Amino acid sequence: ENATRTALNQMGIKVDATSKTGQGKAICATANDRQIEIEFEAVSSKTTRMRAVAKQGIFFKDRATAAEIIIQTEKVLGLT
């Protein structure tokens with residue numbers, strides 16, 4: 001979660017809220033006209049599943065932005 005917050009900050013994306021979910025945590029953020037939802041789910045003690053969805057309007061999903069958030073998070077973690 002901390003690495004994702006760092007990545008979002010570096011990308012100029014504003015975090016609006018953080019909440020706990022049944023499986024882990026979630027971050028809601030905004031960038032220009034996009035609503036971004038990021039979910040974290042603990043798979044094991046050393047593995048976390050991260051899911052990012054960027055929506056523009058009601059129907060359009062911006063997969064490129066969602067993928068870039070994951071890539072930038074990996075860079076913060078030093079995985080790439």
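Predicted model: local features only at pLDDT ≥ 70, side-chain atom pairs only at ≥ 80, totals over all residues.

α1 covers residues 2–11, α2 covers residues 63–77, and the two pack at an angle of about 115° with their axes 8 Å apart. Their crossing is right-handed. Who's touching whom? On the α1 side the contact residues include A3, T4, A7 and M11, and on the α2 side they include I69, Q72, T73 and V76. Sorted by class, that contact has 7 nonpolar, 5 polar and 1 charged residues.

Now the sheet. It's open, with 5 strands in the order β1-β2-β3-β4-β5 and antiparallel pairing. At the edges you've got β1, 14–20, and β5, 60–61, each pairing on one side only. β5 pairs with β4, residues 47–56, over 2 bridges, and Q56 stands opposite F60 in β5. α2 turns up again here: this helix lies across β3, β4 and β5, running at about 145° to β4.

Last stop, the largest pocket, with a volume of about 210 Å³. Which element gives the largest share of the lining? That's α2, with 4 residues, while α1, β4 and α2 each supply at least two. Among the lining residues are A3, T4, F40, M50, T73 and L77. By class, the lining has 6 nonpolar, 3 polar and 2 charged residues.

Conventions:
Residues numbered from 1 in each chain as written. Heavy atoms only, no water. Axes fitted to C-alpha atoms, helices over the stretch in contact; angles between N-to-C directions. Left-handed = near helix turned anticlockwise from the far one by under 90°. Contact = heavy atoms within 4.5 Å. Nonpolar A, V, L, I, M, F, W, Y, C, P; charged D, E, K, R; others polar. Pairing = 2+ DSSP bridges. 1 Å grid on protein atoms, 1.4 Å probe; cavity = no way out; pocket = protein on both sides within 12 Å on 5 of 7 lines; lining within 4 Å. Points joined across faces, edges and corners; volume = space filled by probe spheres on them.
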